[in-house]
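Here's a quick tour of a protein chain for anyone new to reading structures. Have a look at the model below, then go through the notes topic by topic.

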Amino acid sequence: MLCFFCPVVITVALALLGRADLRSDLTGKGFRVLFPGDPGYSNESIPYNLRYDSQFRPAAITFPSTVAQVAQIVKAGYRNDYRVAARSGGHSYIADGLGGRTGSVVVDMRRLNTITVNSDTTATIGSGSRLGDVDLALNSRGRALPHGTCPYVGMGGHTGYGGFGFASRMWGLTIDNILSIEVVLANGTVVSTSRFVRPNLFWALRGAAPSFGITTSTQVRTHPVPLSVTAFTYGWEMPPAEVARAIENFQSFSQTNLPSRLGAQMLLFRGNRDGTVIFYFKGAWYGPTNQFPGVIQPYLNTLPRGFLANTTTGSYRRTAEILGLTDTLNTTVRPENDDYFYARSVMVPQSAPMSTQSLQALAQYLASTGYSLSGWFMQIELWGGQNSVINTVQTDATAFAHRNKLFTIQLYVSVSDHRIQPFPTRDFSFLDTIESMLQRDNADRWRNNPGAYLNYMEDGGRYRNSNTDLLRARFYAHAYTQLSKLKIVYDPTDVFRFPVGVENPTGGGNNADLEIHPNGNLRKCIDVQGNSGDFGDGTPVQMHVLFSAFKLDIWC
């Protein structure tokens, strides 16, 4: 039978064919895999941020235990025209560990969690390792690495977008300590990268890794554990005028000759009384204990007497527990609690601190409107200062372009009952207003958008839909131009695509060599569509459609 409407039929069939073999490509390959409807699928597809619960349904969730299996999974996604996403700790604020959309293939990295301290004091860390377990493994060998405080965050995602912690002013961001990376590319190829091997890819992976591949392990430079560390927390409940002064004074204090061994942040919460704000000054001193009072006292002298003044001197490990708000860094002891929240961030340039006017307006808003909401906090992290190692790195040395910053501000609001659906508009508006106020009241100082921190990822999709340039400026700044060029080289079909990831400027599209099983080949069906000018020869082509319980026979 000659198929006169074959071009239409084959075009539709080929679209189905791209997804026809995912199940067979992933089943019986030596690793666990879950598909929609399988026992355990629902639990494994719950995001850390419950605001995305039930929004994203992966096409498959896989659990490899070897690099070869990761490559096999990525190749299956590539061949079958699926997006692929790694989930190291599942801590993405906008559920990128589930692909950030429905229909992705999730590669759960939890079993690639080996941590080895090498004889040269470097360490090789599997991307499925959690930060708490990294601390324990390195600490047992007298070594340490700068990174965030939450023990449950996965190493793969954290290093992909920077990696900041209290020790970062002393040792740099996590990515500043990376020596080499093993990564699975979009076509399933496994390669190693460093400053000397594929340096362009190495550059991109340090700041935008999820858009270029799945990192399976990272070799890092480690540091000797300090002999002792002093953790400190001071607390006040203040009216807005005092809050504004406290932040402004800290800005001035931060730009003095502050030792890099001081890591600090300000934390602001809803006050216990209308018209007040709870203000904490918190951090760690990694130098000699007897030097701490002289370093910190000039700032404390600018503040009134508070309700809390607590310092604890102990081991590096114990301080990590205190800063991580936990009694153990061992993440196997208990599961992590999820949350139901919205977050944003903004970075403050070192050359343009927040103005007095902006701080006064901010403090007033937090003390008044902030009192009507609960569950919010504002975290002002000290990144810069004269001696910060973070800011000694050239802005084009890595794809993480946000150097020369004084602070990173995280805005966060959580709702205790996730059954409240949808997420309350007033909570969205509260954070959006804070960010807008900071931008507006510092517009004369921040002539260009000062940026945002990708590890405090927000709902960036709205920026793409309305203004792509704003997305680029906020998250990748000047690095985006080079990143988009490298995206074409290393992920030409956009396998690794996320709402706030680096987009392929050509539009991507999978050009993999699809197999037609069992009686035909792709060339014949392309011929039928007229690409070569020769129509089919009558060979039957069988296409097995994954989502239907029938076999589609097409005669060309």
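**S104 and its surroundings**

Leaving out residues up to four places away in sequence, S104 touches P58, A59, A60, R83, L98 and G99, where touching, or contact, means heavy atoms within 4.5 Å. This is a predicted model, so local features need pLDDT of at least 70 and side-chain atom pairs count only at pLDDT 80 or more, while totals for chains, interfaces and linings use all residues. Residues are numbered from 1 along each chain as its sequence is written, and side-chain values use heavy atoms, with hydrogens and water left out.

- You'll find S104 in the loop between β3 (84–87) and β4 (105–108).
- S104 is buried, with a relative accessible area of 1% (buried is under 20% relative accessible area, exposed is over 50%, and partly exposed is in between, using a 1.4 Å probe and protein chains only).

**The whole chain**

- The chain has 17 helices and 20 strands; helices (H or I, at least four residues) and strands (E, at least two) are DSSP runs, numbered from the N terminus.
- Of the 556 residues in the chain, 57% are buried.
- Take the contacts between residues at least 6 apart in sequence: 73% of them join residues at least 24 apart.

**R198 and helix α8**

- R198 sits in the loop between β9 (190–194) and α8 (199–208).
- Setting aside neighbours within four places in sequence, R198 is in contact with V191, S192, T193 and Y490.
- The R198 side chain also reaches the backbone oxygen of S192 at 2.9 Å.
- As for α8, eight of its ten residues are buried, so this helix is largely enclosed by the rest of the structure.
- Among the buried residues of α8 are L201, F202 and W203.

**Helix α10**

- Which residues of α10 (292–300) are buried? They are F292, V295, I296, Y299 and L300.
- Looking down the axis of α10, you'd see these buried residues fall within an arc of 125°, so they line one face of the helix (the arc is that of the directions from the helix axis to the C-beta atoms).
- The cover over the buried residues of α10 includes β12 (229–238), α9 (240–254), β13 (262–270), β14 (277–285) and β15 (308–314).

- On a 1 Å grid over the protein atoms alone, a cavity is a set of points where a 1.4 Å probe fits but cannot get out, and a pocket is an open set with protein on both sides within 12 Å along at least five of seven lines; lining residues have an atom within 4 Å of a point.
- The largest cavity is lined by 18 residues, and D135, H147, G148, Y316 and A320 lie nearest its centre.
- Helix α11 gives the most to this lining, with four residues.
- The second largest pocket has a volume of about 790 Å³.
- This pocket has 29 lining residues, with G89, G90, R110, R130 and E336 nearest its centre.

Key
Grid points are joined across faces, edges and corners, and a volume is the space filled by probe spheres set on the points. A polar contact is a pair of N or O atoms within 3.5 Å; within protein, one must be able to donate a hydrogen and the other to accept it, and residues adjacent in sequence count only if both atoms are side-chain atoms.
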